[in-house]
Amino acid sequence: MNLVFLVNYDLPALLALNRIVPACTAHNIQIFYTQKSISDLCPALKQLGEFEVKALEATSNLMSFQQLGAIALNAINTDDFSRYAATKPDVVVSIRHMSILQAPAIAVPKLAMLNLHSGLLPDYQGVMSAFRALCHREITIGTTLHTIENADIDRGPVIAKSQTPAQFDQSYLWNVLNLYREGSRNVIEAITQLKSGIPLTSKPQQGRGRYFTFPTATEIDAAPVSLFAQSDAEHLDHFLTD
């Protein structure tokens, strides 16, 4: 099959790719990433973004975006649409992608348009869902693999969920990286099933849930965990093992 991964240029997305891509070598793979400005974010989120970029450039434990052949694609709905459509994907998997996909982009894949969301839906929609769950002192956090049927963010029918204990002695970033152990496995299982010709089973989300945007500086200061720790980037191979 032709697989397209739509990701963001960040550490959790790269980790997810390093778990998923080696299991998909029988397929034709193209990776596109968004890399958007963080200038409008509060200082703490800028520091998180800068830390992740440095970690991406310094790590030897993960295949880099360059080694994976990833290409920047910041305007998938407009200027970059033809480049995306030309890959003729059977399956598209979005992981932390920062563009809201519109109907023409959603209609491109032949078999499925999937999103691996780093929160349990429908309760935690939007960006930094794990941060919100940690702020609410949830005992477990997780991921949701769902289909994308329209431009409604994080509202598609659910294929699978994964759950893992929240670790309040670790940072927000560490907790997010830890999510992709099980979440990545859900993606691999869905791709394997589609390759076998078996349609995916999904269920509509129950309830409207709540959509979250980027946290404010005040919310970050009040959070029970730090956004990141220097040690988060030192043992990335830990997150590659089960």
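Asparagine 115 has histidine 146 in S7 as its bridge partner. Strands here are DSSP runs (E, at least two residues), helices are H or I runs of at least four, and both are numbered from the N terminus; two strands pair if DSSP finds at least two bridges between them.

This is a predicted model, where local features need pLDDT of at least 70, side-chain atom pairs count only at pLDDT 80 or more, and totals for chains, interfaces and linings use all residues. Numbering starts from 1 along each chain as its sequence is written, and side-chain values use heavy atoms, with hydrogens and water left out.

Zooming out, the open sheet has 7 strands in the order S3-S2-S1-S4-S5-S7-S8, with mixed pairing. Strand S3 (71–72) and strand S8 (158–165) sit at the edges with a single partner strand each, so one side of each has no neighbour in the sheet.

Now for the largest pocket: it holds about 1100 Å³ of space (the volume filled by probe spheres set on grid points joined across faces, edges and corners). A pocket is an open set of points on a 1 Å grid over the protein atoms alone, where a 1.4 Å probe fits, with protein on both sides within 12 Å along at least five of seven lines; lining residues have an atom within 4 Å of a point. Of its 44 lining residues, Asn8, Arg96, His97, Met98 and Val127 are the closest to the centre. H2 gives the most to this lining, 6 residues.

| Lining class (members) | Count |
|---|---|
| Nonpolar (Ala, Val, Leu, Ile, Met, Phe, Trp, Tyr, Cys, Pro) | 22 residues |
| Polar (the others, Gly among them) | 15 residues |
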